[in-house]
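Please keep the sequence and the structure at hand.

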Amino acid sequence: MSSSNKKIFVTEPLLPELDKFLPYLQDVWDSKWLTNNGNYHQALERRLSEFLGITKCSLCCNGTMALMLGLKQLNITGEVITTPYSFPATAHSLTWLGIEPVFCDIELDSFNINPDLIPPLISSKTSAILGVHVYGNPCKIDAIESIANEYGLKVIYDAAHAFGVRYNNESILVNGDLSILSFHATKVFNTFEGGAIVMNDDVAKKEIDLLKNFGFDDETTILLPGINGKMNEIQAAFGLLQLLYVDEEIKCRSRVYYHYLERLINLTGIQLFEYNNELIPNYSYFPILIDEKIYGLSRDHIYDKLKSKGIYARRYFFPLISKLPHYLGLSSAQPDYLPVSEKVSKEVLCLPIYGNLSELEIDMVCDILINKAD
C-alpha cells in the first residue's frame, strides 16, 4: 500500500467543489424541468459545439446509446468493419442492432484500426467502417475516408477517448459521417454518465433528436420509431460546470504524462505511447507495452505488483473483444487474423493518470517499473 494508505486508481473523476454545483441544482429544482430538452440540455449542446470546434451535437444519456442511435440514424445494416481493440461497447452496440462486427487488426504504433487491412474484409454485406480513436490518438482518417468513398461505405468514429483532441489544429470529431463521445465518469470530461453524437448537417441532427425521444416531433406527432436516449437536466447542468474546469484538468494531466515520459523513456523492454507532434491531445491515458522477453517480467506480474501496493493500473484492452464468448465463432475473430491486437492486448498496461495525481505518486509507480521490485 502507498505510504499514505491511499489507493491510486487508473483515473479519478473531475469533480468541481460541490458548492459550485449547488446553484445549478437549485435552478433545476425551481424550474421543475428535469428532462426533455430543457434549458441546460440546450445550453450544453451549444457550449460543447463552441468548446470543441464542431458544427453541432446531440446529447445522450450515455456513450453506448449515442453509438447505437448514430448507427440507427445512418441505417447501418449487415456487416461493419471495426477493431477488436476497444471497450466492448463498440462491438456490443453493433450486435444489439443485429449488425455483425468484422474485426480488423490494428497498427502497433497507434493501436488503431489498420486501413491497409480493411479492403480485403469488405463484402457485399459491408455498410460501414467503425473506427476507434484509441487513447485519443486519431485513426488514419484520410486513408479510411478514401476506402469508404471507393466502396460506398459510411464511416463512424468511436471517439470516447477523444474529447477536445485536435489534429492539424482541427477537432478530430468533424471527421466521418458521425463521431461518438462518452461522458462517463472515467473520461476527461464527464457528466456522471452521458455522451453525445457529433454531426455536420441539420438533417442528421433532426433525425437523431427524434430518435432519442421516441420519435416525437411535437405533442401528437411521432415521425420515427425512436427510443429514450435523452440526457437529463442534472447531467447537462453538471456538464456546463465541468466545461469551466476541463482545460485545467487537461493541463494537469499533461504534467503527469511528461513526468512518466521522463522517468520511463529509457526503460528497456517498455514501449511508451508518444503523441504525434501535430496532435493536441487530452492526455486521457498513459499506456505502456511490457515485452516480457526483454523486460524480464510479464505485464500481469507488474499489474499484480502495483495492485499489491494499492496502485490500480488497468489492462486496457484485455481481453480483446474478439475473445469474448459472443464473438469467438466469427471468422474475423480468429487470432491468426489479429496478430498485432493479440500482442498489444497481452502486453498493455495503462498507468494511473489524472489531474490530482502527485509527483510522489507518479514516482511510486515508476520506481516499481524501474526497480522491478519483488
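## Basis of the description

Helices (H or I, at least four residues) and strands (E, at least two) are DSSP runs, numbered from the N terminus. The model is predicted: local features need pLDDT of at least 70, side-chain atom pairs count only at pLDDT 80 or more, and totals for chains, interfaces and linings use all residues. Residues are numbered from 1 along each chain as its sequence is written, and side-chain values use heavy atoms, with hydrogens and water left out.

## Residue D142

D142 is placed in helix α5. The residue is exposed, because its relative accessible area is 63% and exposed means over 50% (1.4 Å probe, protein chains only). Between D142 and E12 lie 130 residues in sequence and 34 Å in space, C-alpha to C-alpha.

## Largest pocket

A pocket is an open set of points on a 1 Å grid over the protein atoms alone, where a 1.4 Å probe fits, with protein on both sides within 12 Å along at least five of seven lines; lining residues have an atom within 4 Å of a point. A volume is the space filled by probe spheres set on the points, which are joined across faces, edges and corners.

The largest pocket has a volume of about 550 Å³. It is lined by 29 residues, of which F87, S182, H184, T186 and K187 are the closest to its centre. Two or more lining residues come from each of α3 (63–73), α4 (89–96) and β9 (178–182).

## Second largest pocket

The second largest pocket has a volume of about 440 Å³. Among its 21 lining residues, P138, C139, K140, Y167 and N276 are the closest to the centre. The elements α5 (141–151) and β8 (170–171) each give two or more residues to this lining.

Methods
Buried < 20%, exposed > 50% of the residue type's maximum accessible area, 1.4 Å probe, protein only.
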